Amino acid sequence: GISRKIVINSSVDDDYWLLNFILNANLSNKIAIRNGVRYNNYEDESIQEHLGFYSNFHWEIEDNRNLYLGFKTSIDKIDNSREVDNRSIYLKLSLTF
């Protein structure tokens with residue numbers, strides 16, 4: 001399913017938007033893909049905006065044994081210039097006894 005969450009918060013010293021968009025695809029009982037986009041424009045020192053993307057592949061190999069493969073990246077607007085802040089690929093094997 002698709003879930004979307006928008007949070008708007010105003011107070012005396014800040015006013016910002018936060019958006020999370022998540023898309024899940026269950027390809028079978030044991031394989032799933034989860035993608036998401038996150039955005040906020042909360043200003044903190046020199047950072048004015050943050051935009052992140054992630055994608056996770058999950059395979060339940062057998063009971064209590066899971067494999068995760070993922071990618072994530074983010075772009076920040078710092079001093080009116082957009083910069084890639086983080087970019088990573090990961091592999092995780094989870095075993096539960």
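Student: In S6, which residue is the bridge partner of Arg-65?

Tutor: This is a predicted model, in which local features need pLDDT of at least 70 and side-chain atom pairs count only at pLDDT 80 or more, while totals for chains, interfaces and linings use all residues. Residues are numbered from 1 along each chain as its sequence is written, and side-chain values use heavy atoms, with hydrogens and water left out. Strand S6 covers residues 81–95, and strands here are DSSP runs (E, at least two residues), numbered from the N terminus. In S6, the partner of Arg-65 is Leu-95.

Student: Over how many bridges do S5 and S6 pair?

Tutor: Two strands pair if DSSP finds at least two bridges between them. S5 and S6 meet that rule in the antiparallel sense, and the number of bridges is 14.

Student: Which residue takes a positive phi in the hairpin of S5 and S6?

Tutor: Two residues lie between the strands of this hairpin. Most residues other than glycine have a negative phi. Here a phi near 50° is found, at Asp-79.

Student: With which residue does Glu-62 form a salt bridge?

Tutor: A salt bridge needs a side-chain nitrogen of Lys or Arg within 4 Å of a carboxyl oxygen of Asp or Glu. Glu-62 counts as partly exposed because its relative accessibility is 43%; the class lies between buried (under 20% relative accessible area) and exposed (over 50%), with a 1.4 Å probe and protein chains only. The closest N and O atoms are 3.8 Å apart, and the partner of Glu-62 is Arg-65.

Student: Why does Arg-65 count as partly exposed?

Tutor: The class follows from the relative accessibility of the residue. Arg-65 counts as partly exposed because this value is 28%.

Student: How many salt bridges are there in the whole structure, and what is the N to O distance for Arg-82 and Glu-49?

Tutor: A search of the whole structure finds two salt bridges. One of them links distant parts of the chain, with Arg-82 in strand S6 and Glu-49 in strand S4, 33 residues apart. Arg-82 is exposed because its relative accessible area is 55%. The N to O distance between the side chains of Arg-82 and Glu-49 is 2.9 Å.

Student: How many bridges join S4 to S5?

Tutor: Strand S4 spans residues 47–62, and strand S5 spans 65–78. The strands run antiparallel, and the number of bridges is 14.

Student: What phi does Asn-64 have?

Tutor: Asn-64 lies in the loop between S4 and S5, in a hairpin with two residues between the strands. The residue is partly exposed because its relative accessible area is 42%. Asn-64 is not a glycine, yet its phi is positive, at about 65°.

Student: Why is the aromatic pair called tilted?

Tutor: The search of the whole structure finds one aromatic pair. Phe-53 in strand S4 and Phe-71 in strand S5 form this pair, 18 residues apart. Rings of Phe, Tyr and Trp (its six-membered ring) pair if their centres lie within 6.5 Å; planes under 30 degrees apart count as stacked, over 60 as edge-to-face and the rest as tilted. The centres of Phe-53 and Phe-71 are 6.4 Å apart, and the pair is tilted because the planes are at 50°.

Student: Which residue has its charged end over the ring of Tyr-68?

Tutor: A charge sits over a ring if NZ of Lys or CZ of Arg is within 6 Å of the ring centre and within 35 degrees of the ring normal. For Tyr-68, the charged end is 5.3 Å from the ring centre, and the residue is Lys-92.

Student: How far apart are the C-alpha atoms of Leu-51 and Asp-76?

Tutor: Leu-51 lies in S4. Leaving aside neighbours within four places in sequence, the contacts of Leu-51 (heavy atoms within 4.5 Å) include Tyr-39 and Ile-75. Leu-51 and Asp-76 are 25 residues apart along the chain, and the separation of their C-alpha atoms is 6.3 Å.

Student: What pattern does the chain follow along the sequence?

Tutor: The chain has zero helices and six strands; a helix would be a DSSP run of H or I with at least four residues. Read along the sequence, the pattern is β-β-β-β-β-β.
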